[in-house]
Amino acid sequence: MLLVYADFFRRKIVMITYLAWPYMTTTFMLMIGYAVGSPQAFAERVGVEPALFLIVGSYLLFSSMSVVDDIMWRPIFDESVGTLPYIISSPAGVVLHYLSIPIPRFVLSLVLGLTTLFPVLVVLRGLSGVLIGLIVMFISVVSVATFVPLATALGLGLYVAGGENWRAINFLRPLLLILVGVYYPRWLMSLPLYIVSSLIPPAHCVEVVQRIVVGLAEASAITVSLVLALTLGLAYSPGMLRATRAWELRKLREGVKT
Amino acid sequence: MRNLIKSAKAVLVAYFVGELVRSKGLAYGLLSLAVWLSMFIVPASLFIKGETESSLSAGVLIGSAIFLAYSTATWDWAVLLRWLMQLGILEYVIASGSSIFSHYLGTVPVSIAWYSMALAIAYTIVSVFLGPPKVVLVDPVAFVIGVVSLLIVLMAYSFMLGGTLLAAGTAGPIIEFIGWILPIATGGLTPLSIMPKPLQVVAYLTPFSYPAELLRYSLGISNPVLEPSLVVILGATYSTIFLGLSSIYLKHQVRRMLKEGVRSVALF
């Protein structure tokens, strides 16, 4: 954990860009939206002003990406810098290593919540915005936690199937995030897309967050969605363990590329 | 000159075979682009009530085209130098006597092919989710000048970024950030006329805004804030000066690197 934080604070530009990304993508999307239509149309269809919906979406996107990216890219990074043989031969074990990767990132995603959600929510919703922000941040942590098993299983599974191909990861990442529905509410998705996205654990958490922001949330629906996300997260855990072990065995059998 | 063309050809073949064919970079790259574009363009449909005017879809298409052009200049041209440093082969490139510009020249044909395909994907996505864009060539001369000055500006920008990479070594997050902020802040994404006044001034102080304004004007999407003839003159002059200055800057950084050695580059 300390190593991640030290790296984060030492590389100031990484820290600044990390905190600025949600604002950047929100501005980007608002500009496209305002160029083709009106915020009133957005509010009528979604139920809330676009700036609020998109900043929450951007926060969910980057808090997910900060964790999922770290997991999916870590094998390539470790292989490139030459630390992979040490990780594989470490007595801690590869599974434990990958399970520990998201922990420091959870805290960073909370910092991102403080800098992204709170200023916008307080301006647009007043003091009640603080409460909404806290709820969104809590659910986002649950969301990312449920995402870890699937992301690890898919990432390491891909590496086992086709070698360390960052291009495949670059395709898989945004595809998962589209299906999760960070920028497009799931309740407006077509039925086939909705069914596919239901298989991705964080999609349920993201929908809960969006319903809270829009004001459509009911306590029972929130509970069901969160339980569903956690159940799916647990259901993917054996896949994560199997993919991690298969990847480790492959490395032990074929060696680490230099 | 003959040696430069020979080196550029070797770079082209190596890049095409290694990156696009052997590692399936073309297929993965286009798939990834389609997904990223969809992620940002599809939600724009939520802003539309009823039918979209085809000129508005055309505006989004041109904005996407300019954004893609920036991405190409950033990731194909400027980051190429970073990649050479990362792989530890930049020293060998320089020691071989081959000009660093041969790498830029060698990747241009691949970039153009890639850009054309990316544009086709953007057209499809905009057509499906926002409506078919209506692009009409209103002023062919302004269009040609706009395209040429955009190419010059992007080449100059990649020289500048490439030189900065040689000077600073690691700069991955900065590159990624600049690649996004430039088209947003300089009127690449949306017409300057709908941007706030202070941003218009900032945009016109950079060479990036003129080609974008000319392209939109020549394709009948929007009128520039300044007189079109003035935009042509200022755009052509500014982009040429920018290219000259950035070439000098890149050469200076290469000379500096020969004195101080090649910087180490982190993966991210």
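Predicted model: local features only at pLDDT ≥ 70, side-chain atom pairs only at ≥ 80, totals over all residues.

Tutor: A helix here is a DSSP run of H or I with at least four residues, and helices are numbered from the N terminus.

Next, consider which residues of the helix are buried. A residue is called buried if 20 or more other C-beta atoms lie within 10 Å of its own. In H9(A), the buried residues are Ala168(A), Ile169(A), Phe171(A), Leu172(A), Arg173(A), Pro174(A), Leu176(A), Leu177(A), Leu179(A) and Val180(A). Within chain A, they pack against helices H4 (50–81), H8 (128–162), H10 (191–198) and H11 (201–214). They also pack against helix H2 (25–41) of chain B.

One of these partners, H8(A), can be examined in detail. Two packed helices are described by the angle between their axes and the distance between the axes. For H8(A) and H9(A), the axes come within 10 Å and cross at roughly 150 degrees. The crossing of H8(A) past H9(A) is right-handed. On the H8(A) side, Leu154(A), Gly155(A), Leu158(A) and Gly162(A) take part; on the H9(A) side, they meet Ala168(A), Ile169(A) and Leu172(A). By class, this contact has 5 nonpolar and 2 polar residues, and no charged ones.

In all, 32 residues of chain A are in contact with 35 residues of chain B. On the chain A side, H9 is one of the helices that supply at least two residues each, together with H2 (12–36), H3 (39–46) and H4. H2(A) gives the most, with 12 residues. The side of chain A that touches chain B comprises 23 nonpolar, 7 polar and 2 charged residues.

Finally, a word on the partner chain. Chain B contains 10 helices and 0 strands. Its radius of gyration is 19 Å, which agrees with the value near 18 Å that a compact globule of 268 residues would have. Buried residues make up 43% of the 268 residues in chain B.

Methods. Residues numbered from 1 in each chain as written. Chains lettered and ligands numbered in written order. Rg over C-alpha atoms; globule rule 2.2 N^0.38 Å. Buried ≥ 20, exposed ≤ 12 C-beta atoms within 10 Å, placed from the backbone. Contact = placed C-beta atoms within 7 Å. Axes fitted to C-alpha atoms, helices over the stretch in contact; angles between N-to-C directions. Left-handed = near helix turned anticlockwise from the far one by under 90°. Nonpolar A, V, L, I, M, F, W, Y, C, P; charged D, E, K, R; others polar.
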